[in-house]
Amino acid sequence: MLKKKIKTLIEAHKDLGWVLEPSAKAIMKAQGLDIPEFVLTGSFEKAEKFLKKIKGPVVIKAVSKKILHKTEYQAVVTGITTSRHLKKEMERLQGLEGCEAVLVEEMVQGLEVIIGAKNDFQFGPVVVLGIGGTSVEIYNDTAIRMAPLKPGDVLSMVDSLKAKALLFGYRGRDGVNMEVLTDTLVRFSHLIMALEKDMDSLDLNPVICTKDRCIIADARIILKKEAHDGSQVYDATKI
Amino acid sequence: MELKYLFKPSTMAVIGVSTSQDNHPANVIYTKNNLRYPVKTFPVNPKGGMLHREKLYRNIADIEESIDMAVIAVRAEFVPKVMEDCIQKGVKGAVIVSGGFAEAGNRALQQRLTDIARAAGFPFVGPNCLGIYAPDHVDTFFLPGERIIRPKKGNVGFISQSGGVLVDQMVKFAGQGIGVSLAVSIGNKAFIRETDMLDWFARDIETKVIAFYVEGFEKGEGRLFIQKAEQCGKPVVILKAGKSKKGREAVSSHTASLAGDYRVFSDIMKQHCVAEADNEYELTSFCEALSCFQKGIQGHIGVLSLSGGHGVIAVDACELHGMTVPRLDPGTMEAIRERVSPEIRNIISLGNPLDLTGSSVDNDIVTAATHLARDKGIECLLALLIPYSPGVSADIGAKLSQVARNEGKPMIAYVPNEEKYRIIIEGFELNDIPVASSVDGAVLMAKALKRCRPC
């Protein structure tokens, strides 16, 4: 069963065909998953206040219904530490097509993984775990399982990755907190079961994993192309 | 739904038997079953007439006895009417051999068949299929008996979407001495599908391994297949064709492009311990191994050979297929060293792989196998028996089989597949130890056990 909040957010994006990042993250949070601290604003003052509060680098992103793939529009800026830099980049993002607001988030460092879901024709909702963030398609080091997952499934997924050593800590680096990763994937798998009727595919990419947390740095939900009445409302390939 | 009468009929009508064409599928099916199988067979043709000095029935309704199963081999457009006649007569299931349905674009006609059958609770196999081969019972393949090679009766249930692949696989099974309990070509699978067959085989006491050749599932059917495969408690082997089909990968999300249709299929089979065979050789090896052993292993292999080279080849192949050849316990090595013949004590390579050399005799091999099997780190034994050396007797197959049974560990043998060594091969096979005809084949059999490891 979908939580009411999640259902409302999904319904609100049916016409668009995909769920904007802030709402997608709100859905993940409602499912008990970890998202970065953030402020969603059009005001530089509020953004600056957040930057000062965080005391670390922030990342800013344009929120626009016209921009599905943010990197292709340079709609993401990472590593902002000064007010001057923040002001300059925020102004630029606000000039991008359809920019409604700017998402300002704490920037987290750690191992980048992708957690994804696909509504498979033969098997229904499946979960994908992979290593590599934006390069994930190049390495193609992924494990796929049918949702819902049991904790043991997560272990076998990790075990089947070629680069699994990275997850366990490599050359003195911290490993990933396996308990948190397991909990994240299991909760995620239950969410996508509940979203079976609505979801086409879903990317949490990257998810930043540290020795304590698995934080969803970006989230995107592509909704099914067919509306319930069978009419074609959206074709993601044409964006 | 009762499928007993469909797969194990006592009486059968063959509809569409021709008075003029001896090679008509219906004639081949009628003749072979009438002459060579215990099922009582009745020929039907709407025009009546005689065949082989016997009367053709004009309608199934005219047959005096009750009919368990009907083979329908008439032109596609006549099939719905014939099926209705069968239902009227109280027939309990059918094999529809006729083509000309969904595979030829006639989806509506096929749907009509399915609708009629569903409404009446009338199970059928096909259309566009070879149907059923139940050894010593019934054979609806429309291929003359003298043209095909049939495996003996055994415990492998085999289901194929393709009739051609099924017949070809039967030849391979027969060649490796693998027996089948029931083989079904399900063709367009308009009624009986893979999932129904899982239900049947789960309850069939003659079947210990269930193997499939699959091209694709319907929407959501893969999930149902997995659920049933998990519930059935018997090893399930699957060979998937159509792996390279890209589907709709050029899409908007990373996940959709990473999780292509075949990747999803293959990973999920692994997740749920369905042993996916990469090709037909693996399919054959998997079926042979799992027909002898139904319990999975993690993949720790002990290799026993009479030649260093064979041991090394086996180790390489094990590694390639994700299995390990672990170090032996020092106690195991000591026990073997103490008990082998003094002549070979100082020339054997005591380790894993264990090379007993060409100077070993039966007793050395039996001793080594016994202690390897007792090693806690070893789950499965590969006995690479090259029968060329004079110390190996014709009894070695039977003797080693007893070791495997006594110690309770799976053993897989390699013996060259030559008539000369038949007595050794049978010594193994008649005692339920699978024999491969190559070292690689033996390793593939071990892989089968690893693939069906209970999760």
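This briefing covers a chain contact, a helix pair and a domain pair. The model is predicted: local features need pLDDT of at least 70, side-chain atom pairs count only at pLDDT 80 or more, and totals for chains, interfaces and linings use all residues. Residues are numbered from 1 along each chain as its sequence is written, while chains are lettered from A and ligands numbered from 1 in the order in which they are written.

**Chain B against chain A**
- In this contact, 24 residues of chain B meet 33 residues of chain A (C-beta atoms, placed from the backbone, within 7 Å).
- Helices α7 (221-232), α8 (254-258) and α9 (261-271) of chain B each supply at least two residues of the side touching chain A (helices are DSSP runs of H or I, at least four residues, numbered from the N terminus).
- α9(B) gives the most to that side, with six residues.
- The side of chain B that touches chain A has 11 nonpolar, eight polar and five charged residues (Ala, Val, Leu, Ile, Met, Phe, Trp, Tyr, Cys and Pro count as nonpolar; Asp, Glu, Lys and Arg as charged; the others, Gly among them, as polar).

**Helix pair in chain B**
- Helix α11 (residues 308-320) and helix α17 (residues 439-451) of chain B pack at about 40°, with axes 9 Å apart (axes are lines fitted to C-alpha atoms over the stretch in contact; angles run from 0 to 180 degrees between N-to-C directions).
- B:H310, B:I313, B:A314, B:A317 and B:C318 of α11(B) meet B:V439, B:D440 and B:V443 of α17(B).
- The residues of this contact are six nonpolar, one polar and one charged.

**Domains of chain A**
- The domain assignment gives domain 1 (4-34 + 109-238) and domain 2 (38-106) of chain A (bounds come from an automatic or database assignment).
- Their C-alpha centres lie 23 Å apart.
- Domain 1 of chain A puts six residues into the contact, and domain 2 of chain A seven.

Technical notes. Contact = placed C-beta atoms within 7 Å.
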